[in-house]
Amino acid sequence: MKKVLLFIVCAVMSLSASAQYGEFYYGAKLGVNVANMAKTDEGSPVVRLNVGLTTDYRFSYRFALGAELFYSGTGTSGWEAMVVDKKPITDVVHYNLNYINIPIVAKVYLFEGLNVEAGAQVGFMVSAARNYRGSKSDLDKSALNIVEFSVPLGLMYDFDNGLTVGARMQVGVTEVFENDKNNILSLAVGYKF
C-alpha cells in the first residue's frame with residue numbers, strides 16, 4: 001500500500017512539474033468521415049463532413065491531452081424490405097445522422113510531430129433522417145439513442161507551421177439503432193495556433 005501511495009504522489013508531482021512548461025494550443029479542423037453501422041453487414045459506408053474546434057495541452061515533449069468540439073455527419077446505406085404500390089420490394093435506403101461530438105484524447109508523441117491518440121468521446125445527435133430515392137423524412141429520435149459513446153483511436157502529424165493531418169477510427173460503444181453502432185474513419189486537416 002505504501003508503494004502504491006508513493007507511486008501516486010510521484011506521478012502527480014511529475015505531472016505538475018512538467019505542466020509548468022506546458023502550453024495550450026487551439027485550432028480548427030475540417031475533414032471527411034467514412035461511416036457505417038457495426039451490424040449492417042449488407043450496408044454500405046457513407047461519406048460525410050466533420051468540422052470543429054480543437055485544443056491541446058502539452059504536458060511535456062512526449063505527452064499531451066486534447067479536447068475537441070465538432071460537428072460530425074455519420075450514417076449508413078443499406079437494403080430495406082418495404083411495400084411500394086402494394087408490392088413487397090427490397091431497395092436501398094440511406095440513413096443520415098448528425099452529431100455534436102466531444103472527444104477527450106491522450107496523445108503520445110513518438111517523434112517530431114507524429115503522435116498516436118486514444119480516449120473517450122460523447123456524441124449528441126442533433127438530427128436523423130431517412131432518405132429513400134430523394135424523399136427525406138426525419139426519424140423519430142425517441143426510438144434512437146441520442147447520446148452516443150465511442151472510443152477514438154488515431155494517428156496524427158503536427159507540422160512546425162501549425163498544419164495538422166490525421167486519421168482517426170471512432171469505434172461505437174453505444175447502440176444507435178437496435179444492435180447498430182457507429183463505426184467511423186475520419187480523415188482531417190487542421191491548423192493550430
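Helices (H or I, at least four residues) and strands (E, at least two) are taken as DSSP runs and numbered from the N terminus. The structure is a predicted model, in which local features need pLDDT of at least 70 and side-chain atom pairs count only at pLDDT 80 or more, while totals for chains, interfaces and linings use all residues. Residues are numbered from 1 along each chain as its sequence is written, and side-chain values use heavy atoms, with hydrogens and water left out.

Of the 193 residues of the protein chain, 40% are buried (under 20% relative accessible area, with exposed being over 50% and partly exposed in between; 1.4 Å probe, protein chains only). The accessible surface of the chain is about 11,200 Å², and carbon and sulfur atoms account for 67% of it; accessible areas come from the Shrake-Rupley method with a 1.4 Å probe, and for residues only the protein chains shown count as cover. Among contacts (heavy atoms within 4.5 Å) with a separation of 6 or more, 60% are between residues 24 or more positions apart.

The largest nonpolar core has 13 residues, a core being a set of buried Ala, Val, Leu, Ile, Met, Phe, Trp, Tyr and Cys residues joined through side-chain atoms within 4.5 Å. The members that touch the most others are Leu 97, Met 125, Ala 128, Leu 139, Leu 144, Val 176 and Phe 177. Strand 4 (87-111) and strand 5 (114-132) each supply at least two residues of this core, and strand 4 gives the most, with four residues. Apart from neighbours within four places in sequence, Leu 144 contacts Met 125, Ala 128, Leu 139, Val 176 and Phe 177.

Seven salt bridges are present (side-chain nitrogen of Lys or Arg within 4 Å of a carboxyl oxygen of Asp or Glu). One of them pairs Lys 29 with Glu 68 at 3.0 Å, N to O. This pair links distant parts of the chain, with Lys 29 in strand 1 (residues 23-37) and Glu 68 in strand 3 (residues 63-84), 39 residues apart. Lys 29 is buried at 13% relative accessible area, and Glu 68 is buried at 9%. In another salt bridge, the closest N and O atoms of Asp 56 and Lys 192 are 2.4 Å apart. Here Asp 56 lies in strand 2 (residues 46-58) and Lys 192 in strand 9 (residues 182-192), 136 residues apart. Asp 56 is buried at 4% relative accessibility, as is Lys 192 at 13%. Glu 117 and Arg 168 form a further salt bridge (2.8 Å, N to O). Glu 117 belongs to strand 5 and Arg 168 to strand 8 (residues 163-172), so this pair ties together parts 51 residues apart in sequence. Both Glu 117 and Arg 168 are buried. Through shared partners, salt bridges join Lys 29, Asp 56, Glu 68, Lys 107, Glu 117, Asp 158, Arg 168 and Lys 192 into one network.

A nonpolar surface patch of about 840 Å² is made by Val 32, Val 34, Val 47, Phe 149, Val 151, Leu 153, Met 169, Val 171, Val 173, Leu 185 and Leu 187. Patches consist of residues with over 30% relative accessible area and no salt bridge, like charges being joined within 9 Å and nonpolar side chains (Val, Leu, Ile, Met, Phe, Trp, Tyr) within 5 Å. Strand 1, strand 7 (147-158), strand 8 and strand 9 each give two or more residues to the patch, and the largest share, three residues, comes from strand 7. Leu 185, in strand 9, is partly exposed at 35% relative accessible area.
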